[in-house]
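Here is a walk through one protein chain, from its segments to its overall build. Keep the sequence and the model side by side as you read.

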Amino acid sequence: MFDGLLDRVSRHHALACALLILVGLTAYLPGFAGLFPLDRDEPRFAQASKQMLESGDYVAIRFQDEARNKKPVGIYWMQAGAVSVAERLGVADARTSIWVYRIPSLLGALTAVLLTYWTALALTQRRTAVLAGLLMAPCVILVVEAHLAKTDAVLLATVVAAMGALARAWMRRTENRPLELWLCTVFWTAIGIGILIKGPITPMVVIFAVVLLSLRHRSARWLANLRPWVGLVWCLLIVLPWFVLIVKASGGAFFSEAVGHDMLAKVGSGQESHGAPLGTYLVALWVTGWPMAPFLLLAAPIVWKQRWSDGVFFLLAWVVPAWILFETVPTKLPHYVMPMYPALSILSAMGATWLRQVDRIGRVRLAVFGLAALLLPIALPVALVAANGRVASTIDPATIAVAALAFVAAVAVSILAIQRVRRGDIRSAILCSVVAALIVNGFILGWFMNQTHADLIGLSPRLADAGRAAIAARPGCGAPLYATVGDREPSLVFLTDTRLLMTDGAGAAAFMKAGPCRVAFVDQPGEAAFLGALGTAPEVSLASRVAGLNINGGKKLDIGVYVRQDGSP
């Protein structure tokens with residue numbers, strides 16, 4: 001049945017792409033609009049994009065009054081463009097709706113899945129290419145990045161586009177016909193956009209692969225098919241205008257901070273408490289790369305035997321050097337190695353094509369595959385039920401019921417996948433694992449969107465709502481000013497006002513005395529100093545309190561929402 005479905009879909013590119021988009025949307029849309037801004041990186045990106053719209057300055061990148069010289073401008077332009085389109089379409093509160101800023105990430109993730117299929121078509125048969133796209137779509141790390149308004153899903157799309165064009169140049173290197181102009185355009189455009197998204201990552205992955213492939217071929221002449229001189233000029237035309245403008249606007253500070261303080265700091269030490277030992281990414285792959293990782297394990301021996309074939313060597317040249325570099329860099333975050341996941345998905349799908357007989361899979365490998373296939377369906381519902389007790393101080397019966405249902409469904413489908421592998425039907429096993437992944441991902445996102453959990457860990461939305469409600473009761477306050485003591489999360493800036501003042505208790509009291517139409521969010525440790533400095537100011541009163549868990553660090557907060565009462569003209 002499964003092979004028949006795969007055969008029918010694989011006969012037409014349109015059907016294959018439709019299936020991949022359907023699986024991708026099923027994985028990425030749950031929670032896309034309803035999930036609150038996740039501190040800290042996501043609201044920093046969104047707030048900087050919002051400030052571009054507010055100021056009309058599309059060159060400098062700022063978070064409040066601070067220059068954000070960490071990443072190039074590409075993702076900010078995309079997010080600002082998405083908000084502008086949404087406003088023209090009549091979307092209410094588009095500038096403070098985080099889902100609008102996530103649209104580039106959603107489109108980037110879907111594009112990366114389709115490009116994984118397209119890249120695989122240059123290296124293997126169509127059914128295998130469809131399987132590669134299916135393995136990539138519900139990967140845990142890509143599902144996460146599709147829900148975050150930041151760079152990495154779009155970056156992934158640029159890497160796969162460039163590598164897909166490079167794959168065609170590599171596979172046709174012995175042919176006496178030039179590469180089509182549109183393929184060269186895709187290659188150099190992807191590199192240019194990748195530089196504008198995240199600096200050196202896209203060209204780095206490409207260059208590492210090119211060096212290995214040229215060493216294997218004992219010549220770099222095959223690169224002439226990519227029209228490098230014209231392509232480099234085109235790439236420079238894409239990236240240079242903004243870089244020239246930002247150097248002029250920042251006086252060179254962008255490069256000193258982006259390269260010196262951001263990139264080199266990550267290379268030299270574990271930045272922002274994200275240091276980890278060698279081998280971390282190989283261990284994390286079993287979670288971040290699920291459900292692809294178990295099939296990569298099955299494919300590994302036969303892939304190694306085929307390592308000198310053109311297609312497999314290309315994929316290994318894509319993965320190995322960049323992976324080694326990221327493993328050796330002290331600063332480690334799970335998404336850093338995501339640009340290599342499409343290649344791993346294609347290798348896994350190739351293995352599924354080659355492994356058709358059960359006697360070619362040893363018992364030990366089958367047992368390890370079974371454990372890996374069941375890892376997330378068992379572990380995540382259990383972990384989230386335990387987290388429910390930590391967050392809500394009680395175990396919600398509804399959460400237990402949903403977790404049990406997700407557990408039973410995902411485990412049942414995963415067991416079916418294991419049985420298919422035992423019979424040598426690896427392709428059907430992949431389809432079963434994709435279904436299991438969609439169930440698990442849906443449960444995780446549903447847990448975060450549960451109103452009880454959202455209320456407890458989504459402090460910023462509740463504070464912003466409480467502030468607006470307090471001001472709404474005071475006529476004549478159209479554009480209130482805000483201050484915060486204790487809670488300094490970027491999401492609070494994004495959801496309230498760019499001018500949000502981050503201060504201490506005495507500073508908040510002085511802020512409230514300075515004029516009408518003001519709201520101060522003051523946490524419990526800062527309230528004594530705030531009230532002491534405020535003195536007897538009858539126009540300032542406590543409107544409400546908001547309590548919950550700060551998702552960063554797990555600290556419990558109890559915040560008073562104070563409002564100045566004399567808003568009437």
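In helix 7 of this predicted model, the buried residues are Thr 128, Ala 129, Val 130, Leu 131, Ala 132, Gly 133, Leu 134, Leu 135 and Met 136. Helix 7 spans residues 126–136. Nine of its 11 residues are buried, which leaves the helix mostly covered.

Now turn to the strands. Strand 5 covers residues 518–523, and six of its six residues are buried. Both of its faces are covered. Arg 518, Ala 520 and Val 522 are buried on one side. Val 519, Phe 521 and Asp 523 are buried on the other. Note that Arg 518 and Asp 523 belong to this buried set.

What does strand 5 pair with? One partner is strand 3, residues 481–485, which runs parallel to strand 5 over five bridges. Here Leu 481 has Arg 518 of strand 5 as its bridge partner. Another partner is strand 7, residues 556–564, which runs antiparallel to strand 5 and is also joined by five bridges.

Ser 541 stands opposite Val 563 of strand 7. Strands 6 and 7 form a hairpin, with six residues between them. In the turn, Gly 553 has a positive phi of about 95°.

Cys 517 sits in the loop between helix 24 (505–513) and strand 5. Its phi is near 55°, a positive value in a residue other than glycine. At 13% relative accessibility, Cys 517 falls under the 20% limit, so it counts as buried. Gln 64 also has a positive phi, near 55°. This residue lies in the loop between strand 1 (62–63) and strand 2 (66–67). Gln 64 has a relative accessible area of 15% and is buried.

Two cis peptide bonds deserve a look. One joins Asp 39 and Arg 40, with omega about 10°. Arg 40 lies in the loop between helix 2 (13–28) and helix 3 (41–55). Another joins Trp 290 and Pro 291, with omega about 15°. Pro 291 is placed in the loop between helix 14 (280–288) and helix 15 (292–305).

How many cavities of 30 Å³ or more does a search of the whole structure find? The search finds one. About 90 Å³ of space lies in this largest cavity. Its lining is made of 14 residues. Asp 39, Ile 457, Leu 459, Ser 460 and Ser 491 lie nearest its centre. Helix 22, residues 459–472, gives the most to the lining, with three residues. By type, the lining has seven nonpolar, four polar and three charged residues.

Leaving aside residues up to four places away in sequence, Thr 151 touches Phe 45, Ile 75, Ile 197 and Lys 198.

Leu 179 lies in the loop between helix 9 and helix 10 (181–198). Leu 179 is buried too, with a relative accessible area of 2%. Arg 227 is 48 residues away along the chain, yet the two C-alpha atoms are separated by 8.7 Å.

Step back to the whole chain. It has 25 helices and seven strands. Its radius of gyration is 26 Å, close to the 25 Å that the globule rule gives for 569 residues, so the chain is as compact as a globular protein of that length. Its C-alpha atoms fill a box of roughly 85 × 60 × 45 Å along the principal axes. Of the 569 residues, 55% count as buried. Among contacts between residues at least 6 apart in sequence, 77% join residues at least 24 apart.

Technical notes. Residues are numbered from 1 along each chain as its sequence is written. This is a predicted model: local features need pLDDT of at least 70, side-chain atom pairs count only at pLDDT 80 or more; totals for chains, interfaces and linings use all residues. Side-chain values use heavy atoms; hydrogens and water are left out. On a 1 Å grid over the protein atoms alone, a cavity is a set of points where a 1.4 Å probe fits but cannot get out, and a pocket is an open set with protein on both sides within 12 Å along at least five of seven lines; lining residues have an atom within 4 Å of a point. Grid points are joined across faces, edges and corners, and a volume is the space filled by probe spheres set on the points. Helices (H or I, at least four residues) and strands (E, at least two) are DSSP runs, numbered from the N terminus. Ala, Val, Leu, Ile, Met, Phe, Trp, Tyr, Cys and Pro count as nonpolar, Asp, Glu, Lys and Arg as charged, and the others, Gly among them, as polar. Buried means under 20% relative accessible area, exposed over 50%, partly exposed in between (1.4 Å probe, protein chains only). Two strands pair if DSSP finds at least two bridges between them. The radius of gyration is taken over C-alpha atoms; the globule rule is 2.2 Å times the number of residues to the power 0.38. Contact means heavy atoms within 4.5 Å.
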